[in-house]
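Work through the exercises below with the model open. Each task is followed by a stepwise solution.

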Amino acid sequence: MTDEPTNFLYPFIDAQEDDAASLLADLTASAQAKAAESLALRRSTVEANAELLATAAGEMARRFAAGGRLFTFGNGGSCTDSTTLARLFARPPLGKPLPSWSLTADQAILTALGNDVGYELVFARQLIARAKAGDIAIAMSTSGSSPNLMAGLKEARNRGLYTIGFAGYDGGAFAKSPDVDACFVVRSQSVHRIQEAQALLGYELWLAVHELLQTPGMVA
């Protein structure tokens, strides 16, 4: 069969391979190739964003030190990634917990806003109710162009928050928007690889903020 949706990932599976040893070898080689591709992309992404990571971490540390809070949000897989990032700041493996919330964590709020005012405003309306000048907003996306994320970032920027976008491909609307103070772009066409690299970027961002807050005199 040539029209199976798995063909582009595992063409050898649909080739009706009769030799189990050959099939196992193909599966092993495929997994190794994907792991190598992911590792290379994560390394190049961190290197390409090193200066921006330092700048964003410095601003975040300054705001946390002054009482600022972090709000994260995203859709689909990026929703879970943004929640993981919020929890990393709020419940870190070491160092001081920092005030951080995922705007997708409360199902009642999310569905009420989606039903009453529209899904495009589910993040913007939460920021209106909860955010203040001096806080931080992080939107995570593969496309970098989702309307509800753009609306959330615009509201955050208007309210005096420091705004950060995580995007894939060419950065999408995030990379061009005046409402995004810092945009981390993972230059890949694969959703899987984009999200893997974004997870590492998020960890590197937390680690840099943690180190700044633990170093006397580093945060003015």
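**Exercise 1.** Is Q126 buried or exposed?

*Solution.* This is a predicted model: local features need pLDDT of at least 70, side-chain atom pairs count only at pLDDT 80 or more, and totals for chains, interfaces and linings use all residues. Residues are numbered from 1 along each chain as its sequence is written, and side-chain values use heavy atoms, without hydrogens and water.

Step 1. Q126 has a relative accessible area of 6%, so it is buried (under 20% relative accessible area; exposed is over 50%, partly exposed in between; 1.4 Å probe, protein chains only).

Step 2. List the surroundings. Beyond four places in sequence, Q126 is in contact (heavy atoms within 4.5 Å) with L103, I109, L110, L113 and A131.

Step 3. Check the side chain. One of its polar atoms lies 2.8 Å from the backbone oxygen of L103.

**Exercise 2.** Which residues of α2 are buried?

*Solution.* Step 1. Go along the helix: L53, A56, A57, E59, M60, A61, R63 and F64 are buried.

Step 1. Recall the geometry. An α-helix has 3.6 residues a turn, so residues three or four places apart point the same way.

Step 2. Look past the end. Just after α2, G67 takes a positive phi of about 100°.

**Exercise 3.** Which residues does F89 touch?

*Solution.* Leave out residues up to four places away in sequence. F89 then touches M60, F64, L70, K96, P97, L98, S100, L205, W206 and V209.

Note on methods:
A polar contact is a pair of N or O atoms within 3.5 Å; within protein, one must be able to donate a hydrogen and the other to accept it, and residues adjacent in sequence count only if both atoms are side-chain atoms. Helices (H or I, at least four residues) and strands (E, at least two) are DSSP runs, numbered from the N terminus.
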